[in-house]
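Hello,

Here is the structure I promised to hand over. Please have a look at it first; my notes follow below.

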Amino acid sequence: MSAQKTQTLAIIGQGYVGLPLAMAAVRAGWSVIGVDNFEAKVSQINSGSSPVEDISDDQLQSAITNGRYRATTDFSAVSEASVITICVPTPLDERREPDLSLLRSAAKGIAPYISNETLVVSESTSYPGTLRDVIIPIINELKPKDSKYLYFASAPERVNPGDSIWNQRNTPRLVGALDLASNERALTFYKSICDYVVSVSTPEVAEAAKLLENTFRLVNIALINEFTQLCSANDINVHEVIDAASSKPYGFMPFRPGVGVGGHCIPVDPLYLTWWARTGGQVASLVECSDEISNEMPIYVAKRALALAKSSATPIKVLIMGVAYKPGVGDVRETPASALRAALLANGAEVAWMDPLVPHWEGTKPVDVTWTCDVAIVATNQPGLEIKPLLAKQIPVLDCTNHYGGLPGVELL
Ligand SMILES: NC(=O)c1ccc[n+]([C@@H]2O[C@H](COP(=O)([O-])OP(=O)(O)OC[C@H]3O[C@@H](n4cnc5c(N)ncnc54)[C@H](O)[C@@H]3O)[C@@H](O)[C@H]2O)c1
């Protein structure tokens, strides 16, 4: 393998996971080819405009200008790489079960072009067995005849978009390789971009660990959301309760209530776990119940907000502030604000929204803070949101983000 090839990385999927990985690898001295099947995105990236908030245009442009990075729709470019990472979405289908069609198509896309001695890593989140039983068979069936020795690992990504502290370099990386040779190569690769690499015994352990991490969050968020409803019904301030419980120095970890869970991971990954359990004849009942509680939380929030409106006029006008699934990003995938909006509309309300990072959402445009409303809901505490103009007009605000407690006119969830 040529020296240039040994330092060339191909990344399949240039989204929230793939593009930050590409820039981290460029910083670590790799030449990176970003492969994506969405032509408009590839053009946007190659023009130096980053589609991901955590990557600045400057950073992207400098990587392109230095000849260290390029994006392409051409899968044959992976033949130039010694390492290929797959970072494509793993969503749910219409039955809310794992949809691996994009992962399969990525594996099919790269397979005919993989060079001998290449390491293939899946960073996409999926259920245990995905690397071994789904990706590897596709690649082995379609790979070139002379690509005899390939290496495989699973290294589920833990990137947290919008996080200014934890990044590719300082977030420990899990690596579960197929065999010793794959493990050696995967560790060498990840140690070049990451300070801490944790090697586990099999790909299945790494895949299961990722599901555990995100299921842990779903279950705890569901618990605190249920607990919040119990406290509220009994006139107990749940935040004071959480603060009180947090004074215990061990065995407790605080979670705060919110509209629900959103994004590509927390609402989705636990259902990979429940599906995996069911296919093995088991039931992950706690996880299924947590999913139900999460799905119902926006309905509860809608009722709390409508009860705050002072006006008896109909329809009650409600402003949702922050519709992205979390602060600091413009990503509205699986945002619980959608179910909140639907619940408000189902209750006869007129609904508008604003979010400094979201230009349009569900076929609608944002309003500004001068929109006349009867009640506002802070669903996501986006940077740039201003609630003081509402309070000055004595509009009640239901804050689901625990940021504006103590301001007159604000009720915390
Ligand atoms: N976004 C996160 O915060 C996060 C965190 C950890 C793990 N993950 C996991 O990482 C994976 C990727 O998520 P993401 O958020 O980066 O998704 P994304 O939608 O932001 O980006 C994925 C990219 O892959 C491209 N793509 C889709 N199918 C393709 C194919 N067959 N060939 C080539 N390109 C293809 C899409 O055009 C898109 O640009 C998922 O499994 C997700 O669960 C995401």
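**The ligand and its shell**

By class, the residues around the ligand divide into 13 nonpolar, nine polar and five charged. Keep in mind that this is a predicted model.

In total, 27 residues surround the ligand. The closest are Asp36, Lys41, Thr90, Ser105 and Arg333. Which helix gives the largest share of the shell? That is helix α5, residues 101-110, with three residues.

Some polar atoms to look at around the ligand:

- Lys41: a polar side-chain atom lies 2.7 Å from an oxygen atom of the ligand.
- Val88: here a backbone N or O atom is 3.4 Å from a ligand oxygen.
- Thr125: a polar backbone atom lies 3.0 Å from an oxygen atom of the ligand.

How much of the ligand does the protein bury? Taken alone, the ligand exposes 830 Å², and the protein buries 94% of that.

**Aromatic pairs**

Now leave the ligand and turn to the rings. The whole structure holds six aromatic pairs. A pair of rings is described by the distance of the centres and the angle of the planes.

Start with Trp30 and Phe189. Their ring centres are 5.2 Å apart. Their planes stand at 85 degrees, which is over 60, so the pair counts as edge-to-face. This pair links distant parts of the chain, 159 residues apart. Trp30 sits in the loop between α2 (18-27) and β2 (31-35). Phe189 belongs to helix α7, residues 180-193. Are these two residues buried or exposed? Both Trp30 and Phe189 are buried.

Next, take Phe216 and Phe255. The centres of their rings lie 6.0 Å apart, and the planes are at 65 degrees, so this pair is edge-to-face. Phe216 is in helix α8 (residues 203-233), while Phe255 is in the loop between α9 (238-246) and α10 (269-279). The pair therefore ties together parts that are 39 residues apart in sequence. Phe216 has 40% relative accessibility, so it counts as partly exposed. Phe255 has 10% and counts as buried, because that is under 20%.

There is also a cluster: ring pairs link Trp30, Phe189 and Tyr190.

**Charges over rings**

Arg185 lies over the face of Tyr151, 3.8 Å from the ring centre. The charged end of Arg341 sits over the ring of Trp361, at 5.6 Å from its centre.

Best wishes

Technical notes:
Residues numbered from 1 in each chain as written. Predicted model: local features only at pLDDT ≥ 70, side-chain atom pairs only at ≥ 80, totals over all residues. Heavy atoms only, no water. Near = heavy atom within 4 Å. Polar contact = N/O pair within 3.5 Å; in protein donor to acceptor, adjacent residues only side chain to side chain. Areas by Shrake-Rupley, 256 points an atom, 1.4 Å probe, with all protein chains shown as cover. Helix = DSSP H or I, 4+ residues; strand = E, 2+ residues; numbered from the N terminus. Nonpolar A, V, L, I, M, F, W, Y, C, P; charged D, E, K, R; others polar. Phe/Tyr/Trp six-rings, centres within 6.5 Å; stacked < 30°, edge-to-face > 60°. Buried < 20%, exposed > 50% of the residue type's maximum accessible area, 1.4 Å probe, protein only. Lys NZ or Arg CZ within 6 Å of the ring centre and 35° of its normal.
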